[in-house]
Structure formats: C-alpha cells, structure tokens
Amino acid sequence: KIVQITGGTFFEITPVKAYPTSYRECVDQAKVEINAGFRPELAAQADLSKFSVIFVGSPNWYGTMAPPVATFLTTNDLKGKTIIPFFTHGGGGMQNCERDIKKLCSGAAVLPAVTYSGASVRRDNTQQLIAEWVASLLTVKK
C-alpha cells in the first residue's frame, strides 16, 4: 500500500536462512535471537544512496523488531535519512519497537512509529487509515 501511494521502491528484508513456518517454532527462535542480540545475515543488500526517506516495517517479535530488520538498520548508512517506522502485531502493540528502532538509526531522523494489528490490516478501513497516514506524511515533507 505504501509503495502504491508513494510510487516508491519496495525492498524485502530477507534473511539468508528462512525462519520456521510453524508459529511456535518461529516464536521460539525469535526469543533466542533477540535475547542474544543476534543479527542474521541478509540474502540481499539494498542500495539506499538514492533515497532520503525510507519506510521501515517489521512485525513485533517478542516486544521488538524482527532480527533481520535490526540487521538491515545496522548494516546500512542511514545518516541524513528520514526513517518512517511501522509495525504489525498480533496483540502486543508497540512495546519496545519504536524505542529500539531509534537506537539503531544513528544519524537519521526517525519519525513517530505507527502500529497495526495483523487482524486489522485485513479490514478495508485499515487500508484507508494507512493511506491517510502516508498522505499526511507526504504533506508534512513537502
């Protein structure tokens, strides 16, 4: 939806080694990785040099962003960029997501984060709320 509205470029943050498809196994692995501060290797790197504004999305895993997103943020030069974070969750809300993303975006301006519950994203009104949120950001940036 964000790419559709902004005409931006989509980049999927994908680890070299995929996470388990079983919910319980994925949660268990995420807990271990987050507690250890593990940063998985990514399958591809993004060239961010031509972008000044970057939307960064992540699910809330165990109270923070997914480890591959943390890898992305720590392996890219974000100085002078504007980071717009958004998170999905299964009921946990924001928790430490916004705080933690700010810590990893050294030298960048980090706008306030928004969250959407996974169930709500499938509702039509949430798609409209996302569109309104992005439009409000574009108005501020002009």
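Helices (H or I, at least four residues) and strands (E, at least two) are taken here as DSSP runs and numbered from the N terminus. The model is predicted, so local features are given only where pLDDT is at least 70 and side-chain atom pairs only at pLDDT 80 or more, while totals for chains, interfaces and linings use all residues. Residues are numbered from 1 along each chain as its sequence is written, and side-chain values use heavy atoms, with hydrogens and water left out.

The chain holds six helices and five strands. Read from the N terminus, their order is α-α-β-β-α-β-α-β-β-α-α. The C-alpha trace spans about 45 × 35 × 25 Å along its principal axes. The radius of gyration, taken over C-alpha atoms, can be set against a globule rule of 2.2 Å times the number of residues to the power 0.38. For 142 residues a compact globule would come near 14 Å, and the chain, at 15 Å, agrees with this.

A contact means heavy atoms within 4.5 Å. Of the contacts in the chain with a separation of 6 or more, 78% are between residues 24 or more positions apart. Burial is judged by relative accessible area: under 20% is buried, over 50% is exposed, and partly exposed lies in between (1.4 Å probe, protein chains only). By this rule, 36% of the 142 residues are buried. The accessible surface of the chain, from the Shrake-Rupley method with a 1.4 Å probe, comes to about 8300 Å², and carbon and sulfur atoms account for 54% of that.

Helix α3 (67-74) is mostly covered, with seven of its eight residues buried. These are P67, P68, V69, A70, T71, F72 and L73. The cover over the buried residues of α3 includes α2, β1 (53-61), β2 (64-65) and α4 (97-104).

The loop between α3 and β3 (82-89) contains L78, and G80 also has its place there. L78 is buried, with a relative accessible area of 2%, whereas G80 counts as exposed at 68%. Leaving aside residues up to four places away in sequence, L78 touches L48, I54, L73, I83, L104, C105, S106, G107 and A108. L78 and F55 are 23 residues apart along the chain, and their C-alpha atoms are separated by 12 Å. For G80 and S106, 26 residues apart along the chain, the separation is 9.3 Å.

Two other loop residues have a backbone feature to look at. Y62, in the loop between β1 and β2, has a positive phi of about 55° although it is not a glycine. The residue is partly exposed, at a relative accessible area of 47%. Q95 is in the loop between β3 and α4, and its phi, near 45°, is likewise positive in a residue other than glycine.

The charged side chains come next. Lys and Arg count as positive and Asp and Glu as negative, with His and the chain ends not counted. Each charge is placed at NZ of Lys, CZ of Arg, CG of Asp or CD of Glu. The chain has 15 positive and 11 negative charges, and their mean positions are 5 Å apart.

Side chains of opposite charge can pair when their charged atoms come close. A salt bridge is defined as a side-chain nitrogen of Lys or Arg within 4 Å of a carboxyl oxygen of Asp or Glu. The search of the whole structure finds two.

An α-helix has 3.6 residues a turn, so residues three or four places apart point the same way. D28 is partly exposed at 38% relative accessibility, and R24 is partly exposed at 45%.

The other salt bridge is between the side chains of D100 and R99, at 2.8 Å from N to O. D100 counts as buried, at 14% relative accessibility, while R99 is partly exposed, with a relative accessible area of 44%.
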